Amino acid sequence: MRLLKKLLLVQLLFICYLSNAQISKGDLSSLPIDSITNCHVRYYYYPNIEAYFDNLELVYHYKVKGQWEKAENLPTNYGGYSLFNKVRVDITDFDGDEPYQLLKIHKKMYPYNSKGRFSNPTTSNK
C-alpha cells in the first residue's frame, strides 16, 4: 500500500510538471539561448537525418521524396529514431522560414557521424 501511494504521488508530480512546461508558438522570448554564442536558437539541425526543428513554430522540416515538408512530428519512415539520443546542432546564424536553404553548408560543417561525436563546439549531445 505504501508503494502504491508513493507511485501515485510521483505520477501526480510528473503530471503537474508537464502541465507547467507548456511552450507557446511564435513567442520569440521562449526561444532557447545558445550558451556559447549567447544568441537565440530558432533551429536545431540533426545531421544524421538531415532534418531541422523549428523552436518558434514547434515543427520539423524534413525531406520526403525530394520535397521539403514540415510537421509537428517526424514521419514514421524515420522508424525509431531518437532525437534525445543523437547529436543536434544549434543553428544561430539563420532565422528565416526555410532553414533547408543552408543544408549544403550544414552538411559540410556538421557531417554525419554514426558515433554522434563532433569536435565543433557549437554542437551538442542534448
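Which strand does Glu69 lie in? Glu69 belongs to strand 4, residues 67–71. Everything here comes from a predicted model, where local features need pLDDT of at least 70, side-chain atom pairs count only at pLDDT 80 or more, and totals for chains, interfaces and linings use all residues. Residues are numbered from 1 along each chain as its sequence is written, and side-chain values use heavy atoms, with hydrogens and water left out.

View 1. Strands (E, at least two residues) and helices (H or I, at least four) are DSSP runs numbered from the N terminus. Glu69 is partly exposed, at 38% relative accessible area; buried means under 20%, exposed over 50%, and partly exposed in between (1.4 Å probe, protein chains only). Skip the neighbours within four places in sequence, and Glu69 is in contact with Tyr60, His61, Tyr62 and Val64 (contact means heavy atoms within 4.5 Å). As for Val59, 10 residues away along the chain, its C-alpha atom is separated from that of Glu69 by 9.8 Å.

**View 2. Tyr43 with Phe94.** The whole structure has 5 aromatic pairs. Rings of Phe, Tyr and Trp (its six-membered ring) pair if their centres lie within 6.5 Å; planes under 30 degrees apart are stacked, over 60 edge-to-face, and the rest tilted. Tyr43 and Phe94 make a tilted pair, 6.1 Å centre to centre with 35° between the planes. Tyr43 sits in strand 1 (residues 43–46) and Phe94 in the loop between strand 5 (88–91) and helix 2 (103–109), so the pair ties together parts 51 residues apart in sequence. Both residues are buried.

View 3. Tyr45 is buried at 1% relative accessibility, and Tyr52 is buried at 0%. Together with Trp68 and Tyr100, these two tyrosines form one aromatic cluster.

**View 4. Arg88 over Tyr44.** The charged end of Arg88 sits over the Tyr44 ring, 3.8 Å from its centre. The cut-offs for that: NZ of Lys or CZ of Arg within 6 Å of the ring centre and within 35 degrees of the ring normal.

**View 5. Two nonpolar cores.** A nonpolar core is a set of buried Ala, Val, Leu, Ile, Met, Phe, Trp, Tyr and Cys residues joined through side-chain atoms within 4.5 Å. The largest has 9 residues, including Val41, Tyr44, Ile49 and Phe53. Strand 1, strand 2 (51–54) and strand 3 (59–64) are the elements giving two or more residues to this core. A second, separate core has 8 residues, among them Tyr45, Ile91, Phe94 and Tyr110.
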